[in-house]
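Trainee: I have a structure to get through this afternoon. Can we go over it together?

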Amino acid sequence: MAVWRLDPLSEDLESDDGFRRAVALILAGEPVAVPTETVYGLAADATNARACAKIFAAKDRPRFNPLISHVADQAAAEALGIFDDRARLLARAFWPGPLTLVVPKRPDAAISDLATAGLDSVGLRVPDSPIMQALAAATGRPLAAPSANRSGRISPTTAQAVADDLGDRVALVLDAGPTRVGVESTIVSLTDDTPRLLRPGGIARADIERLLGCPLAAPLPETEDGARPLAPGMLASHYAPNARVRLDAEAVAPGEALLAFGPTLLPGAEAARRIENLSTRGDLVEAAAGLFAKLRLLDASGAATIAVMPIPKSGLGEAINDRLSRAAAPRAG
Ligand code: TXA
Ligand code: MG
């Protein structure tokens, strides 16, 4: 990993070689580690599903949870999410800064399913970080960025910590010294009438409550299938196909839809109602990038059952299998 030192207060960030390299990498669909005011983030083009899949791969994340999309200003945020009066109030008071707002996603928002985990809401923040803002402006893309550490490890507040943890999994880290806040952003969900605190962080709860004039509710408790709904209605809106999902299929029954993986199809595939292959080359990054869209296509075929070929459990396969087993779980009501 190249560690590139740059001055965040430079008048001329845009002509810095490391900054330009970061812009080129992001536009090429590669993640880059970048400083924000909270922690170092692993940033990629949020409109590009393959780029987001590479974030999950680099972090060894076992689940596709939704990512926060970082944008240059409130106007860019409102192009992706639907802001009501509460959202505007909080955005005006705390942006740029360590506050993430989860709001309904605009139906036409240019953002990949992997960035939102297939939800109809979106997590947005305008970071108080000249480098991150300049990157969002120069690329013209929202930047999906979780903390730049491997899953289960501590969030990095220096470029050296990023290099130690992610090593050669990421091409470049922009080094602007230690981060100022040191903990992640506070996450507030505004997807329905009750504002909820999804994660405490860099902005104090009391400051948000004072402005809203009401207490922040807790996130919803875990449901029996072990999932924690991040917002009311999240399980319902979290993409679940209408069709039954049959995992580890060894053959296709006539009329079933087939979610394939790898070069060899299953016996009976010729009688499938529709076939979508996650990756004919057996590439898990490609598979993750297309997962939500291909499930939707198969569901839209009207088949009663989607048969899913076995998918390796290694690397991104763990998150893919996690998502598929949720889609296959029996659903209440
Ligand atoms: O300080 C931070 O926020 C850091 C720096 C790098 O900016 N970023 C960060 O991002 O922590 P990330 O992607 O790890 O945050 C993911 C969390 C999810 O676990 C969830 O709690 C919330 O953001 N989130 C994002 N989008 C959501 C959505 N549509 N619905 C519910 N929760 C969402
Ligand atoms: Mg983290």
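Trainee: How many bridges join β3 to β7?

Mentor: There are 2 bridges, and the two strands run antiparallel. Strands pair if DSSP finds at least two bridges between them. Helices (H or I, at least four residues) and strands (E, at least two) are DSSP runs, numbered from the N terminus.

Trainee: Which residue of β7 is the bridge partner of A44?

Mentor: That partner is A144. Before we go on, this is a predicted model, in which local features need pLDDT of at least 70 and side-chain atom pairs count only at pLDDT 80 or more, while totals for chains, interfaces and linings use all residues. Residues are numbered from 1 along each chain as its sequence is written, chains are lettered from A and ligands numbered from 1 in the order in which they are written, and side-chain values use heavy atoms, with hydrogens and water left out.

Trainee: OK. Is β3 buried or exposed?

Mentor: Buried: 6 of its 6 residues are, so β3 is largely enclosed by the rest of the structure. Buried means under 20% relative accessible area, exposed over 50%, and partly exposed in between (1.4 Å probe, protein chains only).

Trainee: What else does β3 pair with?

Mentor: With β2, in the antiparallel sense, over 4 bridges. A hairpin of 4 residues links β2 to β3, and V34 sits opposite G41 of β3.

Trainee: Which way do the residues of β2 point?

Mentor: V32 and V34 point one way, A33 and P35 the other way, and all are buried. In a regular strand the side chains alternate between the two faces of the sheet.

Trainee: Changing topic. Which residues come nearest to ligand 1?

Mentor: T38, H70, S121, S185 and R199, out of 23 residues around ligand 1. A residue is near a molecule if one of its heavy atoms lies within 4 Å of it.

Trainee: Which strands supply at least two residues of that shell?

Mentor: β4 (68-70), β6 (121-125) and β10 (196-199) each do. The largest share, 4 residues, comes from β6.

Trainee: How does the shell divide into nonpolar, polar and charged?

Mentor: It holds 12 nonpolar, 7 polar and 4 charged residues. Here Ala, Val, Leu, Ile, Met, Phe, Trp, Tyr, Cys and Pro count as nonpolar, Asp, Glu, Lys and Arg as charged, and the others, Gly among them, as polar.

Trainee: Which atom of I68 lies 3.1 Å from an oxygen atom of ligand 1?

Mentor: A backbone N or O atom. A backbone N or O atom of A145 lies 3.2 Å from a nitrogen atom of ligand 1, and a polar side-chain atom of R61 is 3.4 Å from one of its oxygen atoms. Taken alone, ligand 1 exposes 680 Å², and the protein buries 94% of that.

Trainee: What about S147, where is that found?

Mentor: In the loop between β7 (143-144) and α7 (159-166). S147 is buried, with a relative accessible area of 13%. Its side chain makes a polar contact of 2.5 Å with the side chain of N149 and another, of 3.5 Å, with that of S155. A polar contact is a pair of N or O atoms within 3.5 Å; within protein, one must be able to donate a hydrogen and the other to accept it, and residues adjacent in sequence count only if both atoms are side-chain atoms.

Trainee: What kind of peptide bond joins W95 and P96?

Mentor: A cis one, with omega about -5°. P96 belongs to the loop between α4 (85-94) and β5 (99-104). Most residues other than glycine have a negative phi, and most peptide bonds are trans.

Trainee: Then what is the phi of D60?

Mentor: Near 60°, a positive value in a residue other than glycine. D60 is in the loop between α2 (49-59) and β4, and is partly exposed at 37% relative accessible area. A117 also has a positive phi, of about 55°, but A117 is buried, with a relative accessible area of 0%.

Trainee: Last one. How many helices and strands does the protein have?

Mentor: It has 11 helices and 14 strands. With 333 residues, a compact globule would have a radius of gyration near 20 Å, and the protein has 20 Å, which agrees. That radius is taken over C-alpha atoms, and the globule rule is 2.2 Å times the number of residues to the power 0.38. Buried residues make up 53% of the 333.

Definitions and conventions:
Areas by Shrake-Rupley, 256 points an atom, 1.4 Å probe, with all protein chains shown as cover.
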